[in-house]
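Colleague: I'm new to this one. Can you walk me through it?

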Amino acid sequence: MNTQAAPSPQFYLTAPAACPYLPNEMERKVFTHLVGSRAPEMNDLLTQGGFRRSQNIAYRPACEACRSCISVRIIAGEFEPTRSMRRVMAANEDIISTEYPAQPSTEQYSLFRHYLDHRHQRGGMSDMSALDYAIMVEDTHVNTRIIEYRIREEGAGLRRNPRGELIAAALTDMMSDGLSMVYSYFNPDLEKRSLGTLMILDHIRRTKQLGLPHVYLGYWVRGSRKMDYKTRFLPQEHLMARGWERFTPADGDVQND
């Protein structure tokens, strides 16, 4: 009988670096590798414990003087869209979302590059090449999918792209208790479509269809306006010192509907 214990993950701490979300703050992260046959199980446990995945790395903030990054998950079964969210769904009735294996394409990278050039010109991902993008999508030891969003083309026939124009995509981990949105991007020229909101709504729909409870959105950073959109999807839970707690918005926490 083999009584040898399964190897435990090894955790590491990054050096301090400037925070990308809050001015005059420094960030540190604790991280471990997600590899091998236990990677899906570890990804579930770590995500439920406030970690995020990037390729084969799971990480979470470990800042010395700041606790502004808070893990957020939507309670999918109780979610009801607001009026503005219903308007977003109505405005995008011509969009088809399709789930595929986590495989990159030239079309995806072109859209990804367009998104970065307009939204994240100075971010850490701003200089990503096609190879970098391919690694981001493919370098996974867990159950990862890519969901494409296209404008439906009626009667496209034998056109070059009968599936319609690719306008958004989401890299998503399929977990035992829901979906985790690892990274998403969209055509920034189509601002009126609110494609970021549409993708979250679609993930909530998919999670409900699977009979699972949660959609993991990553970190909400209190004080960072570009993260405020995450608190619009209620009800949701935040990971606090005592565990996951139902979020009760305070004044200024949730954007007006």
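Modeller: Let's start with helix 5, residues 195-210: its 16 residues should span 22 Å at 1.5 Å a residue, and its end C-alpha atoms are 22 Å apart, which agrees. The expected span is 1.5 Å times one less than the number of residues. Bear in mind that this is a predicted model, where local features need pLDDT of at least 70, side-chain atom pairs count only at pLDDT 80 or more, and totals for chains, interfaces and linings use all residues. Numbering runs from 1 along each chain as its sequence is written, and side-chain values use heavy atoms, leaving out hydrogens and water.

Colleague: Which residues of helix 5 are called buried?

Modeller: Buried means under 20% relative accessible area with a 1.4 Å probe, protein chains only. In helix 5, the buried residues include Leu195, Leu198, Ile204 and Arg206. Across the chain, buried residues make up 46% of the 257 residues.

Colleague: What follows helix 5?

Modeller: Gly211, with a positive phi near 70°.

Colleague: Why is the space lined by Thr47 and Trp244, among others, called a cavity?

Modeller: Because on a 1 Å grid over the protein atoms alone, a 1.4 Å probe fits there but cannot get out; lining residues have an atom within 4 Å of a point. Phe51 and Tyr216 are also among the lining residues. The largest cavity holds about 50 Å³ of space.

Technical notes:
1 Å grid on protein atoms, 1.4 Å probe; cavity = no way out; pocket = protein on both sides within 12 Å on 5 of 7 lines; lining within 4 Å. Points joined across faces, edges and corners; volume = space filled by probe spheres on them. Buried < 20%, exposed > 50% of the residue type's maximum accessible area, 1.4 Å probe, protein only. Helix = DSSP H or I, 4+ residues; strand = E, 2+ residues; numbered from the N terminus.
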